[in-house]
Amino acid sequence: MRMLKMVCIVAGLAAALPATAELTDAQIAELYAKPSPFEQGRRDRWIAETENAFAVRDINPQSPVHLLVISKKRYPTLLQAPEAVLGEMMGLARRVAEEQGIAREGFRLVINTHPEGGQGVYHLHIHVLGGRQMRWPPG
């Protein structure tokens with residue numbers, strides 16, 4: 001049986017993985033160990049914050065409004081984050097959507113998880129996208 005190949009690009013590193021292959025513990029550990037650009041983020045770029053999270057404008061916007069809600073403490077994915085932190089981050093995402101004027105017309109929240117989920121930075125963050133008509137399926 002011919003296996004389809006998928007190319008995962010993670011922090012500039014391309015790795016071909018069979019679409020049906022499971023990540024090994026060593027591969028997951030390697031992904032989680034990559035440096036987070038959010039840890040060197042400038043506080044003057046923050047547009048909102050809570051006790052455990054902050055929001056910034058994405059430097060590579062994919063919609064007219066593209067914000068990131070980022071955990072202050074580094075959790076590689078939502079799988080490691082405490083539920084209270086996830087709830088707080090969702091609340092902050094709602095707040096910044098309202099403050100940026102996209103709540104009424106609609107917006108999308110995205111959390112990418114692991115390579116097949118499209119995650120490229122292993123530091124929990126939520127994309128808040130709005131200001132245009134979103135399409136389905138997303139990708």
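Rings of Phe, Tyr and Trp (its six-membered ring) pair if their centres lie within 6.5 Å; planes under 30 degrees apart count as stacked, over 60 as edge-to-face and the rest as tilted. By this criterion the structure holds two aromatic pairs, listed here.

| Pair | Class | Centre to centre | Angle between planes |
|---|---|---|---|
| Tyr-32 and Tyr-122 | tilted | 5.9 Å | 40° |
| Trp-46 and Phe-54 | stacked | 4.1 Å | 10° |

The model is predicted: local features need pLDDT of at least 70 and side-chain atom pairs pLDDT 80 or more, whereas totals for chains, interfaces and linings use all residues. Residues are numbered from 1 along each chain as its sequence is written, and side-chain values use heavy atoms, without hydrogens and water.

The chain has two helices and seven strands (DSSP runs numbered from the N terminus: H or I of at least four residues, E of at least two). Tyr-32, in helix α1 (residues 25–33), and Tyr-122, in the loop between β6 and β7 (125–130), are 90 residues apart.

Relative accessible area (1.4 Å probe, protein chains only) under 20% means buried, over 50% exposed, and in between partly exposed. Tyr-122 therefore counts as buried at 2%, and Phe-54 likewise at 5%. Tyr-32 is partly exposed because its relative accessibility is 21%. Buried residues make up 35% of the 139 residues in the chain.

Phe-107 lies in strand β6 (residues 107–110) and, at 32% relative accessibility, is partly exposed.
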